[in-house]
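Hi everyone, thanks for coming along. I'd like to walk you through a structure for a few minutes, so please have a look at it first.

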Amino acid sequence: MKPAINRFFLFTGILIPIIFWLSVCIAGTLNENYSHVRDTISALGAIGAKSEKLMEISTWFCSFLSIPFFIGLLDVCRQYKLNKIPLLGIFGFAIMMGWAAYYHSGNPMHSKSGPILLLLLLGPLMTAILWKNKELRKLRILSLASFIIMLFILIRAIPSETIQMNYTGLIQRFVHFGWSIWFITLSLSFQRLNKKS
């Protein structure tokens, strides 16, 4: 792959979180009484929500942009002989976002994508375990941090009405914050590595 194309493909790893968080912030302002701490991100794209169309479009963008990001990372893995298992996380992300864009909250199918989250979680964990190059040490550390941050979703399993009623949105955002860190770190780490070589 041409270096310029690969650079653009890797750059989408920064573009995806920017699009995601920008759309979440804008969508939050469109809905009265919406709380980023209390309410889920799915509620922003729910059937009948004022921000439904905005979230549908931005979520599709994130899903589609993850394809060139995946291809760029695949090229880098081939170039540096890195294990490709961590890229399953990007694949899982693409499916998860596409699912949410197609099946809006309020559709019975919306919540069925839960198990795909495991693929996304696998990505940063496998990055930390399998990519042992000295040049990727910071990437491994931040990937592990990303994985740990995403595990905060398990707080939702605590049988507390206070947590369920008041902090569901905040807990869900830990997952999105985690993958955002991982995507940006992957993008910057490999762009830097390519410049050195």
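Predicted model: local features only at pLDDT ≥ 70, side-chain atom pairs only at ≥ 80, totals over all residues.

Residues are numbered from 1 along each chain as its sequence is written, and side-chain values use heavy atoms, with hydrogens and water left out.

Helices here are DSSP runs of H or I with at least four residues, numbered from the N terminus. Let's find Phe-70, in helix 2 (residues 52-80). Phe-70 is partly exposed, at a relative accessible area of 27%; that label covers values between buried, under 20%, and exposed, over 50%, with a 1.4 Å probe and protein chains only. Beyond neighbours within four places in sequence, Phe-70 touches Leu-87, Ile-90 and Phe-91, contact meaning heavy atoms within 4.5 Å.

Now, how do helix 2 and helix 3 cross? Their axes come within 8 Å, at roughly 160°. That makes the two roughly antiparallel, the word for angles over 145 degrees. Among the residues making this contact are Phe-70 and Trp-60 of helix 2, and Phe-91 and Met-97 of helix 3.

On to helix 4, which bends by about 25° at Pro-124, the angle between axes fitted to the seven residues ending there and the seven starting there. Pro-124 is buried, as are Leu-120 and Gly-123, among others. The helix's buried residues pack against helix 3 (88-102), helix 5 (137-150) and helix 7 (168-196).

Conventions
Axes fitted to C-alpha atoms, helices over the stretch in contact; angles between N-to-C directions. Parallel < 35°, antiparallel > 145°, perpendicular 65-115°, else oblique.
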